[in-house]
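The following report concerns a single protein chain. Please consult the sequence and the three-dimensional view while reading.

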Amino acid sequence: MEMDFKFWQTFKSCEFARWKINPKWKWFTSTHNNAPNSGVTEKREHLYKILVIGELGAGKTSIIKRYVHQFFSQHYRATIGVDFALKVLNWDPNTIIRLQLWDIAGQERFGNMTRVYYKEAVGAFIVFDVTRSATLDAVVKWKQDLDSKVQLPDGSPIPCVLLANKCDQSKEGLANSPGKMDDYCKEKNFVGWFETSAKENINIEEAARFLVNKILQNDQIMKGNGAQDQVDGERFALNQSPTGSKKSCAC
């Protein structure tokens with residue numbers, strides 16, 4: 001409890017200075033086209049907060065390290081409270097997307113801080129360990145906690161992707177049946193699921209790109225369906241989807 005208090009004091013004192021999130025769905029736009037007809041294309045930047053949650057030891061930190069730094073280690077220490085990482089995506093020649101990845105400790109579901117951590121998030125990964133079926137049993141509790149504490153501006157749940165991590169190892173329970181996993185995701189309102197391995201770098205990039213596409217689709221819906229939105233939709237290539245050769249489901 002003392003550690004949580006000290007962490008929150010530090011968190012509060014810096015007022016999220018380094019990781020401050022803009023209000024929901026506010027887009028960053030930097031225009032370099034200062035003179036009319038200059039021929040310079042407008043550059044746009046977007047900042048999205050994405051949560052990475054799940055039980056202790058499911059591999060959340062390993063997934064983030066692999067995705068951001070292309071690095072894997074067997075010797076991570078358990079996360080205390082929350083940790084952060086930043087991933088920059090050159091989405092297209094005119095668009096940069098910055099992902100703030102919030103790595104939330106597995107024991108935090110039992111505390112009172114998750115509402116603070118979840119605030120302003122626009123997407124999430126829930127991670128479980130395919131070698132420990134108990135971590136899948138806990139997924140529904142994480143999903144309920146998430147849906148009760150953060151929503152999109154229209155009140156709907158933020159898009160959430162389920163990651164069946166450590167797929168390079170022997171699986172337990174439901175993880176052995178892709179068909180049952182499809183049904184599980186539809187029932188629990190996940191937008192999709194992926195078998196992943198941080199160790200072998202399996203489906204990490206694909207899962208992240210899938211979630212970002214869902215976030216962009218929600219942005220388009222929130223902004224309306226005008227002519228400019230149609231142009232944006234083409235620019236973002238929202239029809240991209242995971243390859244059929246890799247086990248995944250767009251529920």
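## Model confidence

Where pLDDT is low, the predicted coordinates should not be read in detail. For the protein chain, the mean pLDDT is 80, and 72% of the residues reach 70 or more.

This is a predicted model, in which local features need pLDDT of at least 70 and side-chain atom pairs count only at pLDDT 80 or more, while totals for chains, interfaces and linings use all residues. Residues are numbered from 1 along each chain as its sequence is written, and side-chain values use heavy atoms, with hydrogens and water left out.

## Overall composition

The protein chain contains eight helices and eight strands. These elements are DSSP runs numbered from the N terminus, with helices (H or I) of at least four residues and strands (E) of at least two. Of the 251 residues in the chain, 45% are buried; buried means under 20% relative accessible area, exposed means over 50%, and partly exposed lies in between (1.4 Å probe, protein chains only).

Among contacts in the protein chain with a separation of 6 or more, 71% are between residues 24 or more positions apart. The chain exposes about 13,000 Å², of which carbon and sulfur atoms supply 50%; accessible areas come from the Shrake-Rupley method with a 1.4 Å probe, and for residues only the protein chains shown count as cover.

Strand β5 is largely enclosed by the rest of the structure, because seven of its seven residues are buried. On one side lie Gly123, Phe125, Val127 and Asp129, and on the other Ala124, Ile126 and Phe128, all of them buried. In a regular strand the side chains alternate between the two faces of the sheet.

Strands are taken to pair if DSSP finds at least two bridges between them. Strand β2 (residues 43-54) runs parallel to β5 and is joined to it by five bridges, with glycine 54 opposite valine 127. β5 also pairs with β6 in the parallel sense, over six bridges, and here valine 127 stands opposite leucine 163.

Strand β6, helix α6 (residues 178-188) and strand β7 make a right-handed β-α-β unit. A crossover is right-handed if, with the strands pointing away from the viewer, the path from the first strand over the helix to the second runs clockwise. β6 (residues 160-165) and β7 pair in the parallel sense over five bridges, and asparagine 165 has threonine 196 as its bridge partner in β7. Strand β7 (residues 192-196) is mostly covered, with five of its five residues buried: Gly192, Phe194 and Thr196 point one way, and Trp193 and Glu195 the other way.

Valine 191 lies in the loop between α6 and β7. This residue is buried, with a relative accessible area of 18%. Its C-alpha atom is separated by 5.8 Å from that of cysteine 160, although the two are 31 residues apart along the chain.

## Cysteines

How many disulfides does the rule give? With a disulfide taken as a pair of cysteine sulfur atoms within 2.5 Å, the count comes to zero. Cysteine 160 is in no disulfide, and the nearest cysteine sulfur, that of cysteine 185, is 9.2 Å away. Cysteine 160 is buried with a relative accessible area of 0%, and cysteine 185 is likewise buried at 0%.

Helix α2 (residues 60-69) is mostly covered, with eight of its 10 residues buried; among them are Ile63, Ile64, Tyr67 and Val68. Just after α2, glutamine 70 takes a positive phi of about 55°.

Arginine 132 lies in the loop between β5 (123-129) and α4 (133-137). This residue is partly exposed, with a relative accessible area of 34%. Leaving aside neighbours within four places in sequence, arginine 132 is in contact with Leu56, Gly57, Ala58 and Glu172. The C-alpha atoms of arginine 132 and glutamate 172, 40 residues apart along the chain, are separated by 6.3 Å.

Key:
pLDDT is the predictor's confidence in each residue, from 0 to 100. Contact means heavy atoms within 4.5 Å.
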